[in-house]
Amino acid sequence: MEAALDLIGLWTAILALGVFFYVLLDGFDLGVGILYGLGRRPEWRATMMNSIAPIWDGNETWLVIGGIALLAAFPLAFAIIIPAVYFPVLIMLLGLIFRGVAFEFRFKEADHQGFWDLGFCYGSAVATFAQGIVLGAFIRGFPVEGRHFAGTSFDWIAPFPLLIGVALLFGYTLLGAGWLILKTEGELQAWARKMGERALIGVVIGIAIVSIWTPLMHAHIAHRWFSWPNIVYFSPVPIVTALLTWWVWRSLRSNAEAQPFIGSICLFVMAYLGIAISLWPMIVPHTIPLWEAASSPRTQAFLMVGTLFLLPVILMYTGWSYWIFRGKVRGDVGYH
Amino acid sequence: MESEALLLSRLQFAWVVAWHILLPAFTVGLASYIAVLEGLHLFTGRSVYVRVSQFWIRIFAVSFGLGVVTGIVMPFQFGTNWSRFSDVAGDVISPLLAYEGLTAFFLEAAFLGVLLFGRNRVPPSIHFVAALMVAAGTLFSTFWILAVNSWMQTPTGHEMINGRFFPRDWFEIIFSPSFPYRLAHTVTAFYVTTGFVVLGVGAYTMRRGQTEEGRVMFTMAGLLLTVLVPLQVIIGDLHGLNTRDHQPAKLAAIEAIWETQSRVPLALFAIPDPEVERNRAVIEIPLAGSLVLTHSLDGTVRGLKEWPKEDRPPVAIVFWAFRIMVGIGLEMAGIILLGWILHWRGRLFTTPSFQRLCEFAMPTGFIAVLAGWTTTEVGRQPWTVYGLMRTAESVTPSLTALDVTISLALYVVIYLLVYPMALLFIVRIVRAGPAQAEALDVPISSGRPRGPVDALPGVASERSH
């Protein structure tokens with residue numbers, strides 16, 4: 001039993017890491033997709049595409065890792081959460097398919113390039129919005145009866161999930177802008193800074209509303225944050241978030257090239273941490289804790305063997321491919 | 001209301017998996033073919049193998065990409081529409097699914113890039129190893145997915161606790177009784193499917209005047225099919241005997257046999273009527289059923305009436321899907337035989353009508369795969385886990401008919417948009433032909449070409465004006 005509990009901890013860490021990697025990596029390239037729809041100059045668009053071309057498909061595979069880790073390690077959570085977000089998951093998948101296909105097709109189909117351009121930016125935006133709704137519905141919680149989701153497939157149409165959907169649009173745009181500032185130069189970089197500032201304003205408003213709304217929505221979350229002595233332990237979270245916001249804002253208005261991206265990533269870490277503190281240790285929020293949803297020790301152990309071998313290799317390869325494609329990209333090289 | 005959501009969920013799963021399976025049916029065989037071509041080039045040094053290999057690598061890239069995107073949809077189906085199945089059987093099937101995902105990810109991350117973009121950057125031997133690893137990776141993926149499917153067909157190695165499946169012995173779970181036969185039958189089917197595509201493209205390439213490349217494809221595919229098509233008949237027979245022993249109701253549906261009897265005829269044509277529990281408009285060969293199914297003239301075969309009506313699969317679909325599959329198998333054997341007759345008369349490469357026939361036969365492998373898959377999956381009904389968990393008990397309880405109607409409609413629209421586009425690109429690559437494939441490996445921005453099909457000369461020039 002002791003060993004089983006340790007595995008649950010390890011799987012929780014792998015799942016948390018997988019989901020966070022996905023949010024971060026696909027987050028910035030979905031953000032670039034959104035910015036692609038806003039920046040209309042052809043040479044900018046070519047550069048934006050180039051900046052994510054070598055890595056976007058690898059980023060997307062983290063979604064599969066996250067989804068499968070949830071099914072394998074916490075099948076009960078998978079069986080309750082995924083039906084509750086039936087339509088957001090559907091819309092996200094279709095958005096991702098459309099975006100991925102548009103990415104490949106827009107170059108090969110000169111006749112319909114406008115159509116695939118639209119497909120790329122709307123696919124990115126729709127997938128982002130849907131992911132935000134999934135997150136919002138998750139934080140809000142689901143009605144559960146026995147081992148089933150007991151609500152309807154339209155429960156996600158509510159102010160809180162929709163708000164998070166909009167907030168995530170700003171969030172991914174901020175990550176995307178940070179990436180473009182890092183990878184580009186000149187006018188496009190200056191434009192990305194401007195877009196980054198606007199996105200940051202949206203992100204701050206989003207974080208503020210969620211931070212007020214969530215404890216109001218769930219008394220136990222208010223208790224988690226504001227009871228003594230937790231309020232002391234957790235007070236660094238909002239303080240660090242505020243300092244980070246100020247830092248990102250400053251760096252967007254300076255000449256710093258890496259800081260906006262790094263700062264935005266740190267902001268996402270803090271938001272992720274904040275959600276984890278609110279919901280811990282529930283895997284189906286507010287109802288089912290990690291250990292009740294966990295699969296059997298045999299299941300977890302069997303999969304852990306291969307994962308401990310494959311995951312580090314995948315991580316190393318991901319790091320290596322980012323290293324290979326480091327440096328500034330331009331729109332006119334290599335695509336013609 | 002609930003039963004409508006169930007039916008629509010089944011349709012939706014059939015829709016997304018049927019489109020998805022077309023890609024592995026092609027890429028598994030193609031990956032192995034590319035590895036063989038790379039090996040031949042490495043050991044003979046003939047440049048024609050590189051041109052042919054590079055040509056197919058480009059087609060592989062488009063197919064593999066679409067396979068990945070449509071593959072992402074699949075695990076989510078288990079959650080969105082089959083959540084009770086995920087809850088009840090998740091402890092057993094999820095690690096196998098996860099290993100499939102991890103294997104595919106690992107392969108894609110580590111070796112696909114080298115295969116697609118590395119020809120001028122790594123030594124030929126490393127490029128060959130990358131091709132081998134990609135081929136091995138596709139086979140590993142097939143292994144894990146079929147392990148899941150076979151366990152659902154012939155479950156072993158688990159134990160039931162509080163109505164849920166738990167693993168008892170992983171070896172027994174993975175190597176369930178139908179697994180070896182299903183794996184052999186499926187991989188052979190995938191190879192045969194690819195073989196007929198390569199055969200047809202080879203014939204087309206020869207017809208377009210690129211004789212050397214066309215002949216390489218045509219000959220290699222022809223030789224492979226000469227071995228695999230007859231082999232598939234034997235494997236299929238063994239798989240059938242396995243089905244008779246472990247899923248007798250499915251076998252009874254395949255042959256539309258209602259009464260348990262010996263000296264069973266083999267129905268060539270029939271309209272099974274489940275209401276009156278007999279067949280209409282029957283054309284049959286006496287005794288042949290027993291001979292095929294039991295390898296003896298007076299062997300006994302169990303009929304559908306041995307099972308209560310609610311435990312029987314839909315007979316007509318299974319019966320006809322099986323006949324389509326076998327019919328295509330006969331058609332394939334006929335083409336191979338015809339090819340050899342022409343070869344013995346010294347006219348294999350000089351008979352335009354035969355080349356045309358080979359071009360028309362290109363899609364038949366895919367149809368056979370879909371028909372075979374329909375036979376085995378519909379034949380498993382009414383169960384998701386054979387004999388233990390019903391399909392009706394597996395569906396997500398919160399779904400309404402409206403929910404699934406909307407999602408199914410969206411999947412239909414998107415797939416009907418995306419698949420023809422991909423097919424169009426592959427057709428363009430085939431039209432451009434392998435002779436031009438040497439003008440490959442275009443300049444690269446920040447390290448690698450933007451898209452896999454990018455190096456295609458025809459496409460590049462179209463884009464520039």
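**Figure 1. Burial and overall dimensions of chain A.** Of the 336 residues in chain A, 51% are buried (20 or more other C-beta atoms within 10 Å of the residue's own, with C-beta atoms placed from the backbone). The model is predicted, and local features require pLDDT of at least 70, side-chain atom pairs pLDDT 80 or more, whereas totals for chains, interfaces and linings use all residues. Residues are numbered from 1 along each chain as its sequence is written, and chains are lettered from A in the order in which they are written. The C-alpha trace of chain A spans about 60 × 40 × 40 Å along its principal axes.

**Figure 2. The side of chain A that touches chain B.** Here 60 residues of chain A are in contact with 56 residues of chain B (C-beta atoms, placed from the backbone, within 7 Å). Elements giving two or more residues to this side of chain A include α3 (56-73), α4 (75-84) and α14 (297-324); helices are DSSP runs of H or I, at least four residues, numbered from the N terminus. The largest share, 14 residues, comes from α5(A).

**Figure 3. Packing of α6(B) against α12(B).** The axes of α6 (residues 179-207) and α12 (residues 364-380) of chain B come within 8 Å and cross at roughly 160 degrees; axes are lines fitted to C-alpha atoms over the stretch in contact, with angles from 0 to 180 degrees between N-to-C directions. α6(B) is therefore roughly antiparallel to α12(B) (angles over 145 degrees). Among the contacting residues are Phe196(B) of α6(B) and Phe366(B) of α12(B).

Definitions and conventions. A residue is buried if 20 or more other C-beta atoms lie within 10 Å of its own, exposed if 12 or fewer, and partly exposed in between; C-beta atoms are placed from the backbone. Two residues are in contact if their C-beta atoms, placed from the backbone, lie within 7 Å. Angles under 35 degrees count as roughly parallel, over 145 as roughly antiparallel, 65 to 115 as roughly perpendicular and the rest as oblique.
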